[in-house]
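Here are some notes on the model you sent, kept to helix packing and charged pairs. Please read them beside the coordinates.

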Amino acid sequence: PDGRVPPRRLANNGSLASAAIRDYSHALIRDLCQAYPDIDGLRVDWPEYPPYLLDDVFLDFSRPAEAAAARLGLSFDRMRREALSVYSTLHGKLTSDILARWTKPRLDLFSSLGGMRLKAILVDELLAGFRRALTEAGGKSKELVPNAFPPPFSLASGMDYSRAARHSDGISVKLYTMHWPMMLHFYGKVLLDSNPGIDEPA
């Protein structure tokens, strides 16, 4: 939200709003169906914004995402302001009191941000495009199975299961016992390094 490319990223993920990325994906699906006509379907990994690192949660504020927000009638400036406010707090203004408020049961900090709604729409559009390409290339009998982050990480990744189900024959939920503690460690280390004095166990 501050215009920077995050200095530490797990991967160089592109914008899901990018027409070039969508067109490439559709061409890849068609090529796979042509090369392997007997496949039952495709399982697609990362058709979302993987939130492995804390900075990844605050993507995507690219030009393609801005154009998509305008097309959808969403206020990109408001999303940027909301995200930047939370980002700034997490990266230097976090206190133990704020942390206690934000970690109360049933309070989901990220789902209230408008940018998370845009992510969910972009993931939905991406999967809809995958489904069309797969149907056109191999027929309706070919299955589409996205590989997705589980809740609550799916709130930050943009994977809205109710939307994804409309295009998917199944959803493979990542249940990797290594990933989740690793991600919590990554998030916690950034928070502790950025905010000396906050309650470490919290």
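1. Searching the whole structure gives 10 salt bridges. Please bear in mind that this is a predicted model.

2. One of these pairs is Glu-125 with Arg-71, whose closest N and O atoms are 2.9 Å apart. Because Glu-125 belongs to helix 5 and Arg-71 to helix 2, the pair ties together parts 54 residues apart in sequence. Glu-125 counts as buried, at 19% relative accessibility; the cut-off is under 20%.

3. The axes of helix 2 (residues 63–72) and helix 5 (residues 114–138) come within 11 Å and cross at roughly 95°, which means that helix 2 is roughly perpendicular to helix 5. Helix 2 contributes Ala-65, Ala-68, Ala-69, Arg-71 and Leu-72 to the contact, and helix 5 contributes Leu-118, Ile-121, Leu-122 and Glu-125. By class, the contact has seven nonpolar, two charged and no polar residues.

4. Glu-82 and Arg-78 form a salt bridge at 3.1 Å, N to O. Both residues lie in helix 3 (residues 76–93), four residues apart, or about one turn of the helix. Glu-82 counts as partly exposed, with 21% relative accessibility.

5. Asp-169 pairs with Arg-131 in a salt bridge, with 3.2 Å between the closest N and O atoms. This pair links distant parts of the chain, 38 residues apart: Asp-169 is in the loop between helix 7 (161–164) and strand 3 (172–173), and Arg-131 is in helix 5. Asp-169 is partly exposed at 47% relative accessible area, whereas Arg-131 is buried at 14%.

Methods: Residues are numbered from 1 along each chain as its sequence is written. This is a predicted model: local features need pLDDT of at least 70, side-chain atom pairs count only at pLDDT 80 or more; totals for chains, interfaces and linings use all residues. Side-chain values use heavy atoms; hydrogens and water are left out. Axes are lines fitted to C-alpha atoms, for helices over the stretch in contact, and angles run from 0 to 180 degrees between N-to-C directions. Helices (H or I, at least four residues) and strands (E, at least two) are DSSP runs, numbered from the N terminus. Angles under 35 degrees count as roughly parallel, over 145 as roughly antiparallel, 65 to 115 as roughly perpendicular and the rest as oblique. Contact means heavy atoms within 4.5 Å. Ala, Val, Leu, Ile, Met, Phe, Trp, Tyr, Cys and Pro count as nonpolar, Asp, Glu, Lys and Arg as charged, and the others, Gly among them, as polar. A salt bridge is a side-chain nitrogen of Lys or Arg within 4 Å of a carboxyl oxygen of Asp or Glu. Buried means under 20% relative accessible area, exposed over 50%, partly exposed in between (1.4 Å probe, protein chains only).
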